[in-house]
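Thanks for making the time this morning.

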Amino acid sequence: MFPRLNITPMNRSAAIDSNLSLDVECVIDDSTAMIAQPYQLFIERTDTSKNMARYYAMNISPTLFGQTCLTRRWGRIGTCGQSKAHVFAREEEAVSLFLDLLRQKRSRGYRPKGHI
């Protein structure tokens with residue numbers, strides 16, 4: 001009928017065949033990459049007499065490399081607008097910039113959506 005094939009599995013010589021094997025348990029410490037509190041903001045500024053309809057959005061999130069990133073997006077409501085990312089070594093620096101930018105935007109008339 002069919003010929004018998006003698007196949008031996010690869011990498012089965014020992015339970016662990018190298019120091020970098022996937023069989024070794026790995027402990028990951030995510031405590032440094034965790035954001036203590038979520039920071040997200042979406043505010044708008046509208047003035048029909050000036051045909052103004054703007055938005056400003058910010059959020060703080062961790063990067064893949066354990067840093068903290070403050071991402072800002074702004075533009076005319078209904079468009080993609082522009083964006084800018086600021087990367088910080090510490091979360092406190094990102095929060096400080098977040099709060100400074102929030103104060104600036106509030107002083108210029110930006111408010112949460114639906115707020116008069």
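Let me begin with Tyr-56, whose bridge partner in β3 is Trp-74; please keep in mind throughout that this is a predicted model. The two strands involved, β2 and β3 (residues 68–76), run antiparallel and are joined by nine bridges, and in the hairpin that they form, with five residues between the strands, Gly-66 takes a positive phi near 85°.

The hairpin of β1 and β2 has four residues between the strands, and within it Asn-51 takes a positive phi near 55°.

Now to the rings, of which the structure holds four aromatic pairs. One of them is edge-to-face, formed by Tyr-39 and Phe-98 at 5.6 Å centre to centre, with 65° between the planes. That pair links distant parts of the chain, since Tyr-39 sits in strand β1 and Phe-98 in helix α1, 59 residues apart; both Tyr-39 and Phe-98 are buried.

What about the rings of Tyr-56 and Trp-74, how are they arranged? Their centres are 6.4 Å apart and their planes lie at 25°, under the 30 degrees cut-off, so the pair counts as stacked. Tyr-56 is buried, with a relative accessible area of 2%, whereas Trp-74, at 25% relative accessibility, counts as partly exposed. Finally, ring pairs link Tyr-56 and Trp-74 with Tyr-110 into a cluster.

Definitions and conventions: Residues numbered from 1 in each chain as written. Predicted model: local features only at pLDDT ≥ 70, side-chain atom pairs only at ≥ 80, totals over all residues. Heavy atoms only, no water. Pairing = 2+ DSSP bridges. Phe/Tyr/Trp six-rings, centres within 6.5 Å; stacked < 30°, edge-to-face > 60°. Buried < 20%, exposed > 50% of the residue type's maximum accessible area, 1.4 Å probe, protein only.
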